Amino acid sequence: MSAAGILFRRELALTWGGGGGPLLACGFFACLTTIVPLAAGGDPAVLKPVAAGIAWLALALASLLSLERLFERDLEDGALDLLATGPLPLEAVFAIKAASQWLATGLPLALTAPVAALALGQPADLAPLTALSALIGGLGFAFTGALGAALALGAKRGGLLIAVVVLPLFIPPVVFGSGALYRASEGLSPLSALALLAAYSLFAVVVAPFAGAAAIRSAQG
C-alpha cells in the first residue's frame, strides 16, 4: 500500500507539473465548446438538439491531450524499467497511472462539462446529470486512453497513433453519455444509458490493466 500511495502521489505531481496539467485539457474543452456556437450562429434552436453530442465529443477529444506522455516519459528516463521490477505488478502500475489520470484530468473536465453544455444551449437543470455522466465516462476514457498510450509506447508519432487507436474505442461512451442527456432533455429516464456507460467504464477498468501491462512488456522487449 505504501508503494501504491507513493506512485499515486508521484503521478499526480507529474500531471500537475507538466505545463499546467489538467488546465490545458479544460482550456481546450472550453475553447472547443465556445467555437461551435459561434460557427453555428448561436441560434438556440439549432444548438439544443446537438448540445449533448457536441459536449461529449469535445470531452473525448480533450481527454486525449495528456495521454502521449503517460508512459513515454517513464520509458525515456528509465523509470518504467524500475517500476516493472518494483514491488507492484505491472498491472497495478498501469491501474494507478490510469486512476491518477482520471483524478487529475477527468475530474476537472467533469466539473467543466456542465458549464460548457450550458454554452451550447443545454437546459440548466441537466447540469448535475452532465457532471455525473462526464465523471463516469471520464473513468472509461482514462483507462481506455491509457491502454492506447501503452500500445503506442516507443512508436514514432505516438500522439497520432494514440488518437487512431483510442478514438474508435471512445465511440460507445460518447453515444451512451450523450444519449443519457438527450433522454433526460426529452423527459425520459436516463438510467438505461447511464447503466451502459457505467458498464463500459467498469469493463475498461477490469480489462485495460492486463492488456496495457502486456503492451508495456512488449515495448520493453
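## Helices α2 and α7

In this predicted model, the axes of helix α2 (residues 22–39) and helix α7 (residues 90–119) cross at roughly 20°, and because angles under 35 degrees count as roughly parallel, α2 and α7 are described as roughly parallel to each other. The two axes come within 9 Å, and the crossing of α2 and α7 is right-handed.

On the side of α2, the residues that take part in the contact are P22, A25, C26, F29, T33 and P37, and they meet A104, T105, P108, L109, T112, A113, A116 and A119 in α7. Sorted by class, this contact of α2 with α7 has eleven nonpolar residues and three polar ones, with no charged residues.

## Helices α7 and α8

Helix α7 also packs against helix α8 (residues 127–151), where the axes come within 7 Å and cross at roughly 145°, and this crossing, too, is right-handed. Among the residues of α7 that take part are F94, A98, W102 and L107, while those of α8 include A131, L135, F143 and L147. By class, the contact of α7 with α8 has 20 nonpolar and three polar residues, and again no charged residues.

## The largest nonpolar core

In soluble globular proteins, nonpolar side chains tend to be buried together. In this model the largest nonpolar core has 51 residues, and those with the most contacts inside it are F29, F71, F94 and I216. The largest share of this core, nine residues, comes from α7.

When its neighbours within four places in sequence are left aside, T144 is in contact with V166, L169, F170, Y200 and A204.

V174 lies in helix α10 (residues 171–185), and with a relative accessible area of 16% V174 is buried, since buried means under 20%. Apart from neighbours within four places in sequence, the residues in contact with V174 are W56, L57, A60 and F141. V174 and K48, which are 126 residues apart in sequence, are 17 Å apart in space, C-alpha to C-alpha.

Conventions: Residues are numbered from 1 along each chain as its sequence is written. This is a predicted model: local features need pLDDT of at least 70, side-chain atom pairs count only at pLDDT 80 or more; totals for chains, interfaces and linings use all residues. Side-chain values use heavy atoms; hydrogens and water are left out. Axes are lines fitted to C-alpha atoms, for helices over the stretch in contact, and angles run from 0 to 180 degrees between N-to-C directions. Helices (H or I, at least four residues) and strands (E, at least two) are DSSP runs, numbered from the N terminus. Angles under 35 degrees count as roughly parallel, over 145 as roughly antiparallel, 65 to 115 as roughly perpendicular and the rest as oblique. A crossing is left-handed if the near helix is turned anticlockwise from the far one by less than a right angle, and right-handed if clockwise. Contact means heavy atoms within 4.5 Å. Ala, Val, Leu, Ile, Met, Phe, Trp, Tyr, Cys and Pro count as nonpolar, Asp, Glu, Lys and Arg as charged, and the others, Gly among them, as polar. A nonpolar core is a set of buried Ala, Val, Leu, Ile, Met, Phe, Trp, Tyr and Cys residues joined through side-chain atoms within 4.5 Å. Buried means under 20% relative accessible area, exposed over 50%, partly exposed in between (1.4 Å probe, protein chains only).
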